[in-house]
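Here are some notes to read alongside the structure. Please keep the sequence and the 3D view open while going through the points.

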Amino acid sequence: MRLVLLGPPGAGKGTQAARLSEKLSIPRISTGDMLRDELNRGTALGRAAEEYMRKGVLAPDDIIIEMVRRRAGQADCGEGFILDGFPRNIRQAEALEELGPVDLVLYLELGEEDVVQRLTDRRVCRECQFVYNLRFSPPKVEGKCDICGGELFQRHDDKEEVVRQRFRTYRERTRPLVEYYEARSILGRIDASGTIEETSQAVQEALQFRGLL
Ligand code: AP5
């Protein structure tokens with residue numbers, strides 16, 4: 001099964017993709033995580049993407065498309081995958097089509113002010129990358145990961161001014177994909193303003209409705 005999670009920054013794509021990956025036993029491919037990993041390892045690719053990420057604009061298509069093509073070709077993607085953060089514009093969507101058909105695009109809808117609140121309160125574990133929210137899903141011990149005890153940190157691009165730029169980038173470059181996939185009859189709209197559990201439930205129902213669960 002090939003799924004795409006589409007939506008503004010902070011809509012919960014990563015949170016829902018992680019849950020779905022466990023439920024469906026297929027990998028989650030997050031282009032944002034892949035870029036951050038390259039950056040942490042100090043690779044040329046990471047350095048090439050750093051400035052774009054810091055500013056909250058899209059990294060160059062060629063880098064991203066090649067990265068996804070390679071990852072999707074790996075053995076563990078044989079039964080499918082869940083794309084989180086890709087495609088982000090029409091060119092990337094066309095490149096994805098060349099890799100084969102997509103079963104469903106889940107569009108997580110959330111407004112700008114909710115996005116800003118969620119992202120400025122997001123904290124991530126430095127060790128295992130588990131994602132928390134200080135307001136909605138805080139860790140049991142302040143600053144420490146419940147799972148591995150690792151230190152929690154705030155992503156550089158989760159500062160309010162960068163979040164607002166990311167939202168603008170989303171509106172101008174990524175939002176047109178809603179019509180693109182609607183025209184192909186593979187778009188499922190999800191109200192992402194409820195709790196994590198409510199959103200998971202809506203995602204599950206969308207998959208059941210399409211006969212994918
Ligand atoms: P990326 O890392 O992909 O960021 P994003 O798409 O902006 O998405 P986020 O990770 O911020 O949000 P999310 O929707 O996954 O939300 P999450 O589940 O964490 O991209 C970063 C940068 O990399 C880009 O700006 C760009 O430069 C570059 N890049 C990446 N992909 C690219 C591409 N394809 N092309 C070009 N450039 C690319 O949840 C957010 C917070 O809310 C968390 O704290 C979570 O706990 C909480 N939360 C989640 N759901 C709920 C809920 N229902 N209720 C309350 N809180 C919730």
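Predicted model: local features only at pLDDT ≥ 70, side-chain atom pairs only at ≥ 80, totals over all residues.

How many nonpolar, polar and charged residues does the shell around the ligand have? Point 2 gives the count.

1. Make-up of the shell. The ligand is surrounded by 37 residues. By class, 16 of the shell residues are nonpolar, 13 are polar and eight are charged. The closest residues to the ligand are T15, V57, R88, R122 and R166.

2. Where the shell comes from. Several elements give two or more residues to the shell around the ligand: the helices α1 (13–24), α2 (31–40), α3 (44–55), α6 (112–120) and α9 (196–209), together with the strand β6 (131–133). The largest share, four residues, comes from α2.

3. The backbone takes part through G10, where an N or O atom lies 2.8 Å from an oxygen atom of the ligand. Side chains take part as well: a polar side-chain atom of R36 lies 2.9 Å from a ligand oxygen atom, and for a polar side-chain atom of R155 the distance to an oxygen atom of the ligand is 3.2 Å. Taken alone, the ligand exposes 1,000 Å², and 97% of that is buried by the protein.

4. The sheet. Five strands form an open sheet in the order β2-β3-β1-β4-β8, and their pairing is parallel. At the edges are β2 (28–30) and β8 (187–191), each of which pairs on one side only. From one strand to the next, the twist averages 20 degrees. As background, strands of a sheet pair through backbone hydrogen bonds, either parallel or antiparallel.

5. Strand β1 (residues 2–6) and strand β4 (residues 104–109) run parallel and are joined by four bridges. To find one place where they meet, look at L6, whose bridge partner in β4 is Y107.

6. Salt bridges. Side chains of opposite charge can pair when their charged atoms come close. The structure holds 26 salt bridges. One of them is formed by the side chains of E109 and R189, at 3.3 Å from N to O. Because E109 lies in strand β4 and R189 in strand β8, this pair ties together parts that are 80 residues apart in sequence. In the sheet order, β4 and β8 stand next to each other.

Note on methods:
Residues numbered from 1 in each chain as written. Heavy atoms only, no water. Pairing = 2+ DSSP bridges. Axes fitted to C-alpha atoms, helices over the stretch in contact; angles between N-to-C directions. Near = heavy atom within 4 Å. Polar contact = N/O pair within 3.5 Å; in protein donor to acceptor, adjacent residues only side chain to side chain. Areas by Shrake-Rupley, 256 points an atom, 1.4 Å probe, with all protein chains shown as cover. Nonpolar A, V, L, I, M, F, W, Y, C, P; charged D, E, K, R; others polar. Salt bridge = Lys/Arg side-chain N within 4 Å of Asp/Glu carboxyl O.
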